[in-house]
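User: I would like to learn how to read strands, sheets, pockets and cavities in a model. Please take me through one case.

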Amino acid sequence: MGKITLRNVQKRFGEAVVIPSLDLDIEDGEFVVFVGPSGCGKSTLLRLIAGLEDVSDGQIMIDGRDATEMPPAKRGLAMVFQSYALYPHMTVKKNIAFPLRMAKMEPQEIERRVSNAAKILNLTNYLDRRPGQLSGGQRQRVAIGRAIVREPAAFLFDEPLSNLDAALRVNMRLEITELHQSLETTMIYVTHDQVEAMTMADKIVVLNAGRIEQVGSPLTLYRNPANLFVAGFIGSPKMNLIEGPEAAKHGATTIGIRPEHIDLSRETGAWQGEVGVSEHLGSDTFLHVHVAGMPTLTVRTGGEFGVHHGDRVWLTPQADKIHRFGADGKAL
Amino acid sequence: MATQHSKTAARLMISPAVILLFLWMIVPLSMTLYFSFLRYNLLMPGMESFTGWDNYYYFLTDPAFSAALTNTILLVVGVLVITVVGGVLLALLLDQPFWGQGIVRVLVIAPFFVMPTVSALVWKNMFMNPVNGMFAHIARGLGLQPFDFLSQAPLASIIGIVAWQWLPFATLILLTALQSLDREQMEAAEMDGASALDRFLHITVPHLTRAITVVVLIQTIFLLGVFAEILVTTNGGPGTASTNITYLVYAQSLLNYDVGGGSAGGIVAVVLANIVAIFLMRMIGKNLDA
Ligand SMILES: Nc1ncnc2c1ncn2[C@@H]1O[C@H](COP(=O)(O)OP(=O)(O)OP(=O)(O)O)[C@@H](O)[C@H]1O
Ligand SMILES: [Mg+2]
């Protein structure tokens, strides 16, 4: 229940090709996160799977059945929209019950499922309110409630947390992860947020201009990015990418080193540089160091490393953490 | 408008308009009220005298009054039903993407720009005339007897004409409301397994209630005072078959030269209109909050 396969899926809007051709396998019970820059086709891909857009070419299989021509309701998927898309004139209870009413379910069964969902999502006290009288996080939970009562084969989330403040986002992130662990249903989740992608995913799909750049577990993408795009996209702050003679020394066109894999010293090291901006986050400090013949390097260090603008420091990249890329941008 | 100072300034600024409006309303109203208690006939100038409630008594007990009251209600309700139902359907149609959308939308709005007198005359002479009218031609073409709309179904014909004039207004308001419906809500309903009819009933109609309220409120105000269409088509006849309260007041004061009786009718009309307004506000005005 919940295995989704895309074969050679293409999407064009008139002349514009948004998804050139894409193959993807999503296993039952997996938590898959789509990430990529704005406008790369994440939402479009999700809507293709949901059936809200028609594919221009290719095939979508859900649990082994060809779902390419199926209307959304028949696919057995539930979607949580970025704007929540709650029905404003219905109470929370009616909102959650709506898909069940549409399925002509017995009233007792509806009642049972709605109160069950309300309990899981902490909404029991709000069942008689309208969406307009709820906070953002509560609305989000109602939208999730409306999705879970149907017991779908898979959940689709399109940036569900992007309208929430930082603290609430952390909370909801945990709640969704917990929900996934208790329901064991396939979830496909679109996000911009690095942290959400890294912490929630079983599998991350990195998209760029409608193409899949790499698919893998969060740590695979972190440790072994397949190309420059993934290297620059996964990880925060971004990996330092260095071209020129320094890269040639390692037999590559470009080398990459993450800020957390550079050792910092006041006395000695491989590269000497001058500290520019330093960002103190309390637990960490990010230094932007200017080194002659290289782009500004970002270095992560402990929160207590006292440096000032203009200080001279020595940097040493950890040899086994250097990523090497060829002229075509692919990892060597 | 938070501080005391800005409130005072605001009151001061709007006071000329409010005072002017107030005078504009109160002067004719009090004169009408005054006339309604006079025996005031234009055929007997200079013979005005105070008669107490006589004018009201005669106006309210006139059999034409109850006929006019019924006609007024039928006219208002009939036009409202046609324009709201037709307006929703037209708005749904116009909201679909199709070729030539812009031109069709302009055409749909067009009847609203035609003056009531003109459109009623066009309907009377070009469409409903039993000899030369378009409908008569069509009926003869089909081998049927032409139907004399204005003498055989005068009220229904007038309802048709007035509804034709107001349909664009309703369509326009409902169309804009329809366009403000969140697309994701529709998509969510689609994913929730709602059929097209379910989506219309559970999402579109509730979304439109506010716009429908506005249409009903505004149209009711204007429909209570329909006059030109009746004057140029049926003259309220045959008999009182298409006389509404407004036309009855006109007939009383200007055709019978009885200014006193007409004024009493006018006051009755004002009272009735206010009763309707209170009902409307009670029943559907609450839709406008929230
Ligand atoms: N209905 C449409 N008609 C034409 N082009 C469209 C349509 N919908 C999306 N696009 C285009 O497809 C591309 C991908 O859009 P999409 O919404 O999938 O991006 P996204 O990855 O979700 O971006 P974001 O992270 O900003 O939400 C964009 O370039 C967009 O302009
Ligand atoms: Mg998007």
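**Sheets, pocket and cavity**

Analyst: In β10(A), Ile212(A) is the bridge partner of Leu207(A). This is a predicted model, in which local features need pLDDT of at least 70 and side-chain atom pairs, taken over heavy atoms without hydrogens or water, count only at pLDDT 80 or more, while totals for chains, interfaces and linings use all residues. Residues are numbered from 1 along each chain as its sequence is written, and chains are lettered from A and ligands numbered from 1 in the order in which they are written.

User: How many bridges join β9(A) to β10(A)?

Analyst: Strands of a sheet pair through backbone hydrogen bonds, either parallel or antiparallel. Two strands pair if DSSP finds at least two bridges between them, and strands (E, at least two residues) and helices (H or I, at least four) are DSSP runs numbered from the N terminus. Here β9 (203–208) of chain A and β10(A) run antiparallel and are joined by five bridges.

User: In which order do the six strands of the open sheet lie?

Analyst: The order is β6-β7-β8-β3-β9-β10 in chain A, with mixed pairing. β6(A) and β10(A), the latter at 211–216, stand at the edges with a single partner strand each, so one side of each has no neighbour in the sheet. From one strand to the next the twist averages 15°; axes are lines fitted to C-alpha atoms, for helices over the stretch in contact, and angles run from 0 to 180 degrees between N-to-C directions. Helix α5 (166–183) of chain A packs on this sheet, touching β3, β7 and β8 of chain A, and makes about 160° with the direction of β8(A). Contact means heavy atoms within 4.5 Å.

User: What is the strand order in the open sheet of four strands?

Analyst: The order in chain A is β2-β1-β4-β5, with antiparallel pairing. The edge strands, β2 (16–26) and β5 (65–66) of chain A, each pair on one side only. Five bridges join β1(A) to β4(A), and Thr5(A) stands opposite Met61(A) in β4(A). Helix α1 (42–50) of chain A lies across β1, β2 and β4 of that chain, at about 120° to β1(A).

User: What is the volume of the largest pocket?

Analyst: On a 1 Å grid over the protein atoms alone, a pocket is an open set of points with protein on both sides within 12 Å along at least five of seven lines, a cavity is a set where a 1.4 Å probe fits but cannot get out, and lining residues have an atom within 4 Å of a point. Points are joined across faces, edges and corners, and a volume is the space filled by probe spheres set on them. The largest pocket holds about 970 Å³. Its lining has 35 residues, with Leu224(B) and Ala269(B) among those nearest the centre. α13(B) gives the largest share, 16 residues.

User: How do the residues of this lining divide by class?

Analyst: Ala, Val, Leu, Ile, Met, Phe, Trp, Tyr, Cys and Pro count as nonpolar, Asp, Glu, Lys and Arg as charged, and the others, Gly among them, as polar. The lining of the largest pocket has 25 nonpolar, 10 polar and no charged residues.

User: Which residues line the largest cavity?

Analyst: The search finds one cavity of 30 Å³ or more, with a volume of about 60 Å³. Its lining includes Phe81(A), Arg146(A) and Met191(B). α4(A) gives the most, three residues.
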